[in-house]
Amino acid sequence: MSTYRIASIPGDGIGVDVTAEARQVLDRAGEVHGFRLEWTEFDWSCERYTKTGRMMPEDGIDQLRPFDGILLGAVGFPGVPDHVSLWGLLIPIRRAFAQYVNLRPVRLLPGTTSVLAGREADELEMVIVRENTEGEYSQIGGRHNPGQPGEFAVQESIFTRVGVERIIRFAFELARTRSGRVCSATKSNGIIHTMPFWDEVFAEVAAEYPDVHNEQTHIDALAARMVQHPDRLDVVVGSNLFGDILSDLAAAVTGGLGMAPSGNVNPPGEYPSMFEAVHGSAPDIAGQGIANPVAQILAGAMMLEHLGEKTAAAAVHKAVEEVLAAGSVATPDLGGKSTTTELGAAITDALA
């Protein structure tokens, strides 16, 4: 029996609630499909920050290095600025472990409805491939003349040839396993240096994949198409900022953030990859037992697939779909009255 060492970081708010359910589902998947997950839990969170001044200890990266995977809950809490929680935990992990692919698959699941009227499930499925370690999310820059009438801020973006080429190539390779279509998010008509550079590298990589249909679309037009003609999109690749925005939009039109998982992936497998729900910590409903655990459970399924347990991952997806399609167990965001625990238990039982 294979054993995988998994670091669990439940985080804040509903992250704690949904991570507990995801772990239960994944453990059952292991029992059924012949592997074991060995969990180690870390209390790294905004609550920890308020007590210690750090989201994680100084040697946090070294503590995570031996693990096979990381399951991260949502992070964020009132009183702790978002940039503190993001740059104190999530971004350092992504960069230390070269998790340069942020993979966000989105689709309309059975038993759920889209905000887009008249759209069927087969019209609402795509995957956002987001560059995850450079781009617009840079520490280079600063604020000058604080508090003065002439105060200003400078923020630099970093686009390297290595970084841009590898994320675009990943998108093309992924497209070969799906519909054979890639759309690049750009804004080269307004951003004069980085986006034309992105476009040039995209064209170079596209020439190596004559079997994959490719197109480049400005981010504003692409956002509109995602709402008006989502069926025309499959693999969408974008920079750190563009990918972040588009993936939330895609999730919103395919059932909401409560249904959307994501993976921070190190494709070569040299370091552990990290998996999380797209949604935030929702402190307003934390501890009430009404959070939807589906996104975190599907993030766990992505982790299983990355670890090579593809049959178990598919079984988790099937269990989620069966429970949602039945409709008898659903959290309030899905129009039901069930608790987080009840939905998690139903999905776990569906794996038996």
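Select Val237 to begin: at 0% relative accessibility, Val237 counts as buried, where buried means under 20% relative accessible area, exposed over 50% and partly exposed in between, with a 1.4 Å probe and protein chains only. Before going further, note that this is a predicted model, in which local features need pLDDT of at least 70 and side-chain atom pairs count only at pLDDT 80 or more, while totals for chains, interfaces and linings use all residues. Residues are numbered from 1 along each chain as its sequence is written, and side-chain values use heavy atoms, with hydrogens and water left out.

Stay with Val237, which sits in strand 10 (residues 235-238); helices (H or I, at least four residues) and strands (E, at least two) are DSSP runs, numbered from the N terminus. If neighbours within four places in sequence are set aside, the residues in contact with Val237 (heavy atoms within 4.5 Å) include Val129, Ile167, Trp198 and Phe202.

Next, select Ser273, which belongs to strand 12 and, at 1% relative accessibility, is also counted as buried. Show the side chain of Ser273 together with the backbone of Asn266, and you will find that this side chain reaches the backbone nitrogen of Asn266 at 2.9 Å. Not counting residues up to four places away in sequence, Ser273 touches several others, among them Asp68, Gly69, Gln99 and His306.

Gly289 is partly exposed, with a relative accessible area of 22%, and, leaving out residues up to four places away in sequence, Gly289 touches Thr339 and Thr340. Select Ile14 as well: Gly289 and Ile14 are 275 residues apart in sequence, and the distance between them in space is 8.5 Å, C-alpha to C-alpha.

Finally, zoom out to the whole chain, which has 11 helices and 12 strands and whose C-alpha trace spans about 55 × 50 × 40 Å along its principal axes. Colour the chain by burial, and the buried residues make up 51% of the 352 residues. Turning to contacts, of those with a separation of 6 or more in the chain, 75% are accounted for by residues 24 or more positions apart.

Key. A polar contact is a pair of N or O atoms within 3.5 Å; within protein, one must be able to donate a hydrogen and the other to accept it, and residues adjacent in sequence count only if both atoms are side-chain atoms.
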